[in-house]
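Please read them beside the sequence and the coordinates.

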Amino acid sequence: MTATPVSTCVLSFDGKTQYVEIPYKPEQNPDVFSVSAWVKVIGGQGTWRSVITSRNDGPSRGYMIYAGADNKWQTWVGNGVSVDSGWMAVIGPGIQLNTWTHVTSNFDGKVLELLINGKSVGKKNATYAKNTQRPLRIGAGVTERDYSKYFYHGQIAEVSVWNVVRQEADVQQSMGQRLRGDEAGLAGYWPLNECSGTIVADQTSNGHAGNVSGATWQTIEDLPVQPAAPAPVCVVITEVVYKGKVKRAQSDEYVEITNQGSATTEISGWKVTSAASDRQVFVFPAGTKLSSGQSVRVYTNEVHPETGGFSFGSRTAIWNDQGDRGTLFNAEGQEVSTWSYGTLANG
């Protein structure tokens, strides 16, 4: 599913000498893969124009996505047996010039598949041998023997390499939106939207930046890709310690809050309440953030800097020993998480 076009930057390639090179890394050459990009072919009919290439030729290894010399979309893998005859291809439909098209190449360990605009257009049983030493190139097709071949003429954006196979529904769900970079199975992601300079960033934690060789930046209005969706917020109550060792006041009781999501979340203005002591409310101060996997504790009336240093500041116990429910609200007052025990555990 595509999105309403927005203004953005993309890289433009002249079909003669220009490309992006990303130094070799094993993560870009997984055993099974899904490789995607948005592309607009401008010219070069009757020539081989490589969108994405990760290959070495002696013997043939790796994967490629081509705008073919037959003016059809093609994806290839090398079988690791011979040099020039060791390539296996799936050939798709004709190329529409000057039109943004989403292309995906899948290999699941047995079958090579080509998807155009999120729809499967061809499959073939194939043997795939990984590229083991050469860089990944965007906009040029040969990375080893002849650097003057298979240059791409047009624009390219949103290049991604996955170490999982993405089915039609997966591709359709995400193709109209930029990725965040932390999606499961994402091994490399180059939006190509820097707008200036000669370095393109990998938005995954792998950080495999690419070098721009000659390709130029253009601001366009028609790429059908929306900004990335925010990372899902997954901040929850993970524990309530309700039987403190400090007699009567039980100042050492605490409620623990954990960010189980994949992105840092700001919790300024969020609050924690106790059902049995609803007059006791703790509000997280401005600037409070939880990184992925981080936990903090809010004590009844103690301060522990190693766990955030937060305290209700209550001279009396907050958490009822017989049963209680802690509730976490976000800054808009929406209930985010609860933790119940004792008499309130099922109610």
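1. Glutamate 158 is part of strand E12, which covers residues 153-162. Strands (E, at least two residues) and helices (H or I, at least four) are DSSP runs, numbered from the N terminus. With a relative accessibility of 7%, glutamate 158 counts as buried. Buried means under 20% relative accessible area, exposed over 50%, and partly exposed in between (1.4 Å probe, protein chains only).

2. This is a predicted model, in which local features need pLDDT of at least 70 and side-chain atom pairs count only at pLDDT 80 or more, while totals for chains, interfaces and linings use all residues. Residues are numbered from 1 along each chain as its sequence is written, and side-chain values use heavy atoms, with hydrogens and water left out.

3. Which side chain makes a polar contact of 2.6 Å with glutamate 158? The partner is tyrosine 189. A polar contact is a pair of N or O atoms within 3.5 Å; within protein, one must be able to donate a hydrogen and the other to accept it, and residues adjacent in sequence count only if both atoms are side-chain atoms. Leaving aside residues up to four places away in sequence, glutamate 158 touches several others, among them Trp38, Arg178, Trp190 and Val225. Contact here means heavy atoms within 4.5 Å.

4. The search of the whole structure finds one disulfide, defined as a pair of cysteine sulfur atoms within 2.5 Å. This disulfide links cysteine 9 and cysteine 195, with 1.8 Å from S to S. Cysteine 9 lies in strand E1 (residues 6-14), and cysteine 195 in the loop between strand E13 (186-190) and strand E14 (199-200), so the pair, 186 residues apart, links distant parts of the chain. The torsion about the S-S bond is about 100 degrees, so the disulfide is right-handed. Cysteine 9 counts as buried at 9% relative accessibility, whereas cysteine 195, at 38%, counts as partly exposed.

5. Four strands form an open sheet in the order E17-E18-E23-E24, with mixed pairing. Its edge strands, E17 (235-241) and E24 (310-311), each pair on one side only. Two strands pair if DSSP finds at least two bridges between them. E17 and E18 (residues 254-259) run antiparallel and are joined by six bridges. Valine 235 stands opposite asparagine 259 in E18.

6. Buried residues make up 48% of the 347 residues.
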